[in-house]
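Here is a short report on how the parts of this structure meet. Look at the fold within one chain, then at the contact between chains.

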Amino acid sequence: MNGRGGRWLAGALTVGIAISTAACGGGDDSRSSGPVEVEYWAWAPNTDPVVAKFNATHTTIKIKFVKQADNPTTATGLRNAVAAGQNVPCLVQNFGEVPSLLAEGLLADLTGQLTPYVGTKGFTATALKGVTVDGKYYGVPTGASPNFMMINRKVYDQYGIAIPKTWDDVIAAGLELKPHGVQVMNLAGEDPSTLVSLVQQAGGTWYSVEGNAWKVGFLSPESLKAAAVVQKLVDDGIVANQTYTDRPALIAYFDQGRMVSLPTSTWQLANYETNFKKSIGDWEPIDLPQYADASTFVTPAHGGALLVPKGCKHLAEATEAGVWLNTAKEAIDASYLPATGAYAWPGAIADPSPWVESVVPKNLFGSRRPEAVPVILKATKAGVDPWLVGPNYTGVFKELQDQWALAVTKKITFQQLLEHMQTYTVDDLKAKGINVASS
Amino acid sequence: MNTSTVLRAKSPSAAPIPVRNTSAQARRRKALQGASFTVPYFLGFTLFIVVPIVVGLSKSLYTTKSSGLGFGGRTTTFSGLDNFARGLHDGQFWGAMWRVALFAVVAIPLIQIAGLVAALLIDELGRRRAGRFRVALLIPHMIPGIVAILIWIYIYSPSVGPLTPLFRMLGLDADFYSGGLIWVSIGNIMAWSAIGFNILVVYGSLQSIPREIFDSARVDGASSLRIAWSIKVPYVRTSLVLTTVLSIIGTLQIFSDPLLFRSMAPQTVNRNFTPTMMIYDQAFAVGDLNYASALSIILAAVVGLVSAVFYKLTNRAPS
């Protein structure tokens, strides 16, 4: 009995010690010979086949794909890995804005590694802008997906309303639809992206660099112009405030024909195709409405990045793999997702035309399906990216969400929102010890 | 049941007792063997409770600053109790604290009373029927919090949920996400998942009351209601104190309910709606881990203080 007890004691202690050493350990699996292994974290559904294709066509670099649960888990995991300085992945799906992540100390400077590809791999200027901070590159450009609008044409026709070409037209349509209990657009209370897009479309940005300081421009003419549009939509009571969290409710609402215009992008179409029951076939893809005084047709196309974290041991290989994932024809071909019949949107390259057809669902647009490809290609060509965010944008965006919620429910005006955001952002930058240019 | 009592009653006189004649050393080894079973617990406790507290405490004493455009390295300097001073004067933090405190003052007693009443009613049933109720009532408690909230978000939904048409049939136009009803909606979820647990604890201690007391009370002519009020309730007092303290701790730290409700009613549920939401926001959106640590410690101190005061006030022996 005593002997057995002693063994148990020893066993318990061994387990304890093993746990604590395992927690402190953590291996470094870089090898001196053979292909360089680049670890890739992503949660996107069609990553496996692309990685498999890469590994099948490359001998000196191998991608080790580590599937992530979702955006927040990836963010937490990367923050921990970079803070610990070990087991840092070399490629990570984007979960924020490059300047904010850079300010957090999460990103590696890729200027030297990416520059050779800039002229040769067909990255668009807007895509490159998304990874550029102060003249240096931080991340591999992934570009943006094209922005356009889809309208419930059946309802528009039913009430004899013209297809909107400008935001003023949208407001006019809203006023005509209102007596019939139909809302022209949806502004979700938690999602200020409509305002952000409108500022971008006006050619504005809330942050810009002036020497060694940030200039904060929430009250710039472009910003005020954007605010005037949303203010009108809200004041006239012609928009809904359905949340994205209650997905079934949102889709049902869109489907019922009570909300008839949706700014959208290629990646959302499959979802509507699958979930719309009543209104399937009634929708029409149209060009994104413009400002009435716009001289050229533009769509907001703020580019994203495939992140290369600080602490990655193989920057050159990571860049090479990242560039291949975002520009190679084979990579895009491999991203085919049978469930939706679509390829991942190749946002970084100038000519996405070989894959555009695939992202247009079969039934959503009914007989107007052929209109989709030209609309999408036009939106892609017209993409502009005047947008730059500052190092504190993550917190600023949260504040913006709070303010947006108050503004769309008419508790404050959008002018007040912008004034508050200006003060908040300047104060927050200063509190962090960051230079702010006096405006 | 019967046989085991008989056996236990017999054993002291019948069997020889080997423990008595072993040496002190052997006894110590025996004690150590017993204690060794707690090693995994203490390892976990150290790793997941003590270490984070120490790290949090040390973080809260520093301030991190950037410079220039904010992209260079950040400098961390010792700032003493500055973060605590800032936290103690932070109107938003204390606003959140009062908001949750007010909610707790209303919700916790209601949930406790409902749990107690349900436990008393179940106690009145026979054992077999009580078991069935117990399981049914405990099911909500077994559902993970986030899942429960997502279920309720659907149930509350003004567009697709079943409640809105139901209330409309009764002539009521209830918007569960409006500023006026949001705490009622959150409180209802809390009650739904907590009551089963409370019933279990209270019912457990009701079962341990010697049944003879009830018999003598009945002989004295006491009604069931009188027995419940004068015998059962005083007996389960400690259990009630326990469930209440747990509720206080849980409520003041409320996080996932309002976090998910934020998208349903963002004009009401802002980023600093509850203390824990504000701490989370400071740590992961604003990126100020130092201040978030200080706020966490202030929150822990407040929760500890409130629980201690409540415990002190309620856990006196009945006079």
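## Domains of chain A

In this predicted model, the centres of domain 1 of chain A and domain 2 of chain A lie 27 Å apart, taken over C-alpha atoms. Domain 1 covers 36-145 + 302-355. Domain 2 covers 147-300 + 366-431.

Domain 1 of chain A brings 18 residues to the contact, and domain 2 of chain A brings 19 residues. On the domain 1 side, two helices each supply at least two residues: α4 (98-103) and α6 (125-129) of chain A. α4(A) gives the most, with three residues.

What classes of residue make up this side of domain 1 of chain A? Nine are polar, six are nonpolar and three are charged.

## Where chain B meets chain A

The contact between the chains takes 42 residues from chain A and 30 residues from chain B. Which elements of chain B give two or more residues to the side that touches chain A? They are α2 (24-36), α3 (39-59), α13 (256-264) and α14 (275-286) of chain B. The largest share comes from α13(B), with four residues.

The side of chain B that touches chain A has 13 nonpolar residues. Another 12 are polar, and five are charged.

Methods. Residues numbered from 1 in each chain as written. Chains lettered and ligands numbered in written order. Predicted model: local features only at pLDDT ≥ 70, side-chain atom pairs only at ≥ 80, totals over all residues. Domains from an automatic or database assignment. Contact = placed C-beta atoms within 7 Å. Nonpolar A, V, L, I, M, F, W, Y, C, P; charged D, E, K, R; others polar.
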